Amino acid sequence: MYSDGDKVFIEDDDLCITCENYVKEFDCPLLSALVLGDVFLEDSLIVSRCGFYKEFKRVLHIVGNNKKNENNNAD
């Protein structure tokens, strides 16, 4: 994580990438404090152990092809 001016950038190594507060709801107290200017980030930082972290799991299901095989339609 690093800041450039008034913007905060999340890097791939940060725990934020898989956090529900960031991915799903954008309701992270740490990021809110940075954006509002309550705290300042003077150098880069890798977020690895955050007390606000909630794991966000993506669940994907494979859906079968519902189209009938055109070769089998012998009406």
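How much space lies in the largest cavity? The points below come to that after an outline of the chain.

1. Basis of the note. This is a predicted model, in which local features need pLDDT of at least 70 and side-chain atom pairs count only at pLDDT 80 or more, while totals for chains, interfaces and linings use all residues. Residues are numbered from 1 along each chain as its sequence is written, and side-chain values use heavy atoms, with hydrogens and water left out.

2. Overall make-up. The chain has two helices and two strands, which follow one another from the N terminus in the order β-β-α-α; helices (H or I, at least four residues) and strands (E, at least two) are DSSP runs, numbered from the N terminus. Of the 75 residues of the chain, 15% count as buried, where buried means under 20% relative accessible area, exposed over 50%, and partly exposed in between (1.4 Å probe, protein chains only).

3. Surface and contacts. The accessible surface of the chain comes to about 6,700 Å², and carbon and sulfur atoms account for 48% of it; the areas come from the Shrake-Rupley method with a 1.4 Å probe, and for residues only the protein chains shown count as cover. Among contacts (heavy atoms within 4.5 Å) between residues at least 6 apart in sequence, 59% join residues at least 24 apart.

4. The cavity. The structure holds one cavity of 30 Å³ or more, and about 60 Å³ of space lies in the largest cavity. On a 1 Å grid over the protein atoms alone, a cavity is a set of points where a 1.4 Å probe fits but cannot get out, and lining residues have an atom within 4 Å of a point; grid points are joined across faces, edges and corners, and a volume is the space filled by probe spheres set on the points. The lining includes Cys16, Cys19, Cys28 and Cys50, together with Tyr22 and Tyr53, and its residues divide into ten nonpolar, no polar and no charged. Here Ala, Val, Leu, Ile, Met, Phe, Trp, Tyr, Cys and Pro count as nonpolar, Asp, Glu, Lys and Arg as charged, and the others, Gly among them, as polar.

5. The aromatic pair. A search of the whole structure finds one aromatic pair. Tyr2 and Phe9 form this pair, which is stacked, with 5.1 Å centre to centre and 20 degrees between the planes; rings of Phe, Tyr and Trp (its six-membered ring) pair if their centres lie within 6.5 Å, and planes under 30 degrees apart count as stacked, over 60 as edge-to-face and the rest as tilted. Tyr2 is partly exposed at a relative accessible area of 33%, and Phe9 is partly exposed at 32%.

6. Asn21. This residue belongs to helix 1 (residues 20-23), and Asn21 counts as buried because its relative accessibility is 4%. Leaving aside neighbours within four places in sequence, Asn21 is in contact with Phe26, Asp27, Cys28, Phe52 and Lys54.

7. Ile17 lies in the loop between strand 2 (7-9) and helix 1 and is partly exposed, with a relative accessible area of 30%; its C-alpha atom is separated by 9.0 Å from that of Phe56, 39 residues apart along the chain. Arg58 is found in the segment after helix 2 (29-36) and counts as exposed at 57% relative accessibility, while the C-alpha atoms of Arg58 and Thr18, 40 residues apart along the chain, are separated by 9.4 Å.

Definitions and conventions. On a 1 Å grid over the protein atoms alone, a cavity is a set of points where a 1.4 Å probe fits but cannot get out, and a pocket is an open set with protein on both sides within 12 Å along at least five of seven lines; lining residues have an atom within 4 Å of a point.
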